[in-house]
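Have a look at the sequence and the 3D view first.

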Amino acid sequence: MKNIVFGLFAVVLMFAGQAQAYPGMQKQGEKEIQSSVDQISVLPKPFPIEAVPFKDSQGKPVDFSQYKGKVIMVNMWATWCPPCVRELPAISRFSDKIGSEEFEVLPVSIDLDGNKQVEPFLKSLGMENFTTYYDKEQSLSDVFPLDTIPATFILNRDGELIAFVRTFVDWDDDKAVTLIKGFLEQTQSQ
């Protein structure tokens, strides 16, 4: 009986480790990371994402369908998350570097007090002109795993997930620009 229970337990553990939200999220073989950009996982094929609403600074609903035709970089962050805060200035600079009409950066705060908490925080960082969105209800957890932040999800022009990373990325790294420009060129030719 012990062997049967142990065998069932082993099978459950084996399959529990395989449960993933998107194709391509399975743990990849160990590879040498030379840049934080190398941690971005590119999916083998685009994965459809539901247009779940979040809010702008005025409290109006926004969703990804409003950005159809653009490559979108959604960055989930919070004021209480040190790596998120460290990433924000680089995300702002990154958006300026790409500077394309076909690319949109959507930082989305999951802080419970929304803009009441975030706006003074951004001002204290000297980033009062930084545009962020809000998802204090964490509605986006319906389409993105939000158990780890910062997390960045990249969507193609059709609003499908094409890449993600669930950790800090140095967006000042030139490899990040190369990656996004590659996505822009790739989706233009399709």
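## A guided look inside

Leu 122 has a relative accessible area of 4%, so this residue is buried (buried means under 20% relative accessible area, exposed over 50%, and partly exposed in between, with a 1.4 Å probe and protein chains only). The model is a predicted one, in which local features need pLDDT of at least 70 and side-chain atom pairs count only at pLDDT 80 or more, while totals for chains, interfaces and linings use all residues. Residues are numbered from 1 along each chain as its sequence is written, and side-chain values use heavy atoms, with hydrogens and water left out.

Leu 122 sits in helix α3 (helices are DSSP runs of H or I with at least four residues, strands are runs of E with at least two, and both are numbered from the N terminus). Setting aside neighbours within four places in sequence, Leu 122 is in contact with Trp 77, Leu 88, Met 127, Glu 128, Phe 130 and Thr 132, where contact means heavy atoms within 4.5 Å.

What about the nonpolar core? In soluble globular proteins, nonpolar side chains tend to be buried together. Here the largest nonpolar core has 55 residues, and those with the most contacts inside it include Phe 64, Phe 94 and Trp 171. Such a core is a set of buried Ala, Val, Leu, Ile, Met, Phe, Trp, Tyr and Cys residues joined through side-chain atoms within 4.5 Å. Beyond four places in sequence, the contacts of Phe 64 include Ile 49, Phe 54, Leu 140 and Phe 144.

Next comes the disulfide, defined as a pair of cysteine sulfur atoms within 2.5 Å. A search of the whole structure finds one. It joins Cys 81 to Cys 84, with 2.3 Å from S to S, and the link is right-handed, with 75° about the S-S bond.

| Residue | Relative accessibility | Class |
|---|---|---|
| Cys 81 | 4% | buried |
| Cys 84 | 0% | buried |

Finally, which residues line the second largest pocket? Among them are Ile 91, Asp 96, Glu 104, Met 127 and Tyr 133. Helix α2 gives the largest share of this lining, four residues. A pocket is an open set of points on a 1 Å grid over the protein atoms alone, where a 1.4 Å probe fits, with protein on both sides within 12 Å along at least five of seven lines; lining residues have an atom within 4 Å of a point.
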